[in-house]
Amino acid sequence: MGQVFDVADKLDARVILSGDRRQHGSVEHGAALRLLETEAGCVSAEIKDIQRQKGEYKRAVQSLSDGRTEKGFRQLDGLGWIKEVTEGERYKTLADDYVATIAAGKSALVVSPTHAEGDRITNHIRQSLKELGRVNTKDREFSILERSNLTQAERGDAVNYAPGDVLVFHQNGKGYRKGERIVAGNGELPLDQASKFQKYRARKISIAEGDLLRVTQNGKTADGEHRLNNGAQYKVEGFTRQGDILLDNGWTVSKNFGHLDYGYVVTSHASQGKTVDRVFIGQSSESFPASSREQFYVSVSRARQQATIYTDDKESLLDAVSRSDDRMTATELLADHDHRSRVAHLQRMAAMAPALNERTPTREGIEYDR
């Protein structure tokens, strides 16, 4: 960010930073906007009136936005929107509600903190859509790439790789071109270039006509004519003779593209910036370790009309979403270290005080400052 400001100064340009500190934390390389606000004294302009929701829903979201998580949680529960459902019925209930909303012509989004729980919800949704004839019962298998979300330091450590892991260069490197892929287990890995690639895990998914797909990384269509943006969603119209995927807008995606996944369920990180009529949140106890105050606020605030949460334990869910997952900056880390050092010093001085008080200073002695 310092370099960005230097360039802007030379060009007499203007830099605009925007974001919501109450939503998910920053990416790996820091929290520039938060640091400028807390350390540099920069005054920010703030939109305080929530535009997306209205009425009691708006008041609940406002409570979550203000950091009053328990109050917001209770307000949502008072609306009957937090449902405690047993294991056998929870995902089917969520899937049925989602499908009914789509059938009614409304927009909907399903959010879950973890991919594991999201996959189970997706299976139920796809089954419901197949029963209604909205998704073809004949599936085709494709290999996709699932991002491992490692930091640069972790990507540079060989211990974090297993045979079959895929490295994809997102910029040109020494001996490698942007977009080039390397499979772990087929020779030495260029770990010294960890800043230039991402690590993925390959897995299989079944895709059918009518399925909703989500792009998970920027790319291009098979003919190179159209850009596929990360997060964009498309319905599957069919398949070419070569096995490529035909989208409902007429574009074709190569069967080897890899950066695709089902679009029915997303994590709260991927949901940021989206607006729908209704949001359905699958958040059982298995996802509590990945739950947080920021995750809950983002998930609940995606809809205009209603947010429904499906869980197996309301009170434990409240505990899970009451903690923060905000990442510390280096400045905050060092400040915390200095604070702890000062506290430790004062504790040592306090422990020494009784012994110091018993000593009688001589004329040449030291006067102790209590």
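A nonpolar surface patch is formed by Met1, Val4, Phe5, Val15 and Leu17, which together have about 360 Å² of accessible area. Patches are built from residues with over 30% relative accessible area and no salt bridge, nonpolar side chains (Val, Leu, Ile, Met, Phe, Trp, Tyr) being joined within 5 Å and like charges within 9 Å, and accessible areas follow the Shrake-Rupley method with a 1.4 Å probe, where for residues only the protein chains shown count as cover. The structure is a predicted model, in which local features need pLDDT of at least 70 and side-chain atom pairs count only at pLDDT 80 or more, while totals for chains, interfaces and linings use all residues. Residues are numbered from 1 along each chain as its sequence is written, and side-chain values use heavy atoms, with hydrogens and water left out.

Asp12, in the loop between α1 and α2 (32–38), is exposed at 71% relative accessibility and has a positive phi of about 55° although it is not a glycine. A positive phi near 55° also occurs at Asn149, again a residue other than glycine, in the loop between β3 (140–147) and α7 (152–155); Asn149 is exposed, with a relative accessible area of 57%.

An open sheet of 5 strands runs in the order β12-β11-β10-β7-β13 with antiparallel pairing, and its edge strands, β12 and β13, each pair on one side only. Two strands are taken to pair if DSSP finds at least two bridges between them; strands β7 (residues 212–215) and β10 (residues 233–239) pair in the antiparallel sense over 3 bridges, and Arg214 has Gln233 in β10 as its bridge partner. His259, placed in the loop between β12 (252–253) and β13 (260–262), is buried at 4% relative accessibility. Beyond residues up to four places away in sequence, the contacts of His259 (heavy atoms within 4.5 Å) are with Leu145, Arg181, Tyr200, Arg214, Val215, Thr216 and Gln217.

A search of the whole structure finds 17 salt bridges, each defined as a side-chain nitrogen of Lys or Arg within 4 Å of a carboxyl oxygen of Asp or Glu. Glu56 and Arg59 form one of these, with the closest N and O atoms 2.9 Å apart; since the two residues are 3 residues apart in helix α3 (residues 55–65), about one helical turn separates them. Arg126 forms a salt bridge with Asp211, the closest N and O atoms being 2.8 Å apart. Arg126 lies in helix α6 (residues 115–131) and Asp211 in the loop between β6 (197–207) and β7, so this pair ties together parts that are 85 residues apart in sequence. Arg126 is buried at 7% relative accessible area, and Asp211 is likewise buried, at 0%. The side chains of Arg203 and Glu146 also meet in a salt bridge (2.7 Å, N to O); because Arg203 lies in strand β6 and Glu146 in strand β3, the pair ties together parts that are 57 residues apart in sequence. Both Arg203 and Glu146 are buried. Salt bridges that share partners join Arg126, Lys130, Asp139 and Asp211 into one network.

Notes
Helices (H or I, at least four residues) and strands (E, at least two) are DSSP runs, numbered from the N terminus. Buried means under 20% relative accessible area, exposed over 50%, partly exposed in between (1.4 Å probe, protein chains only).
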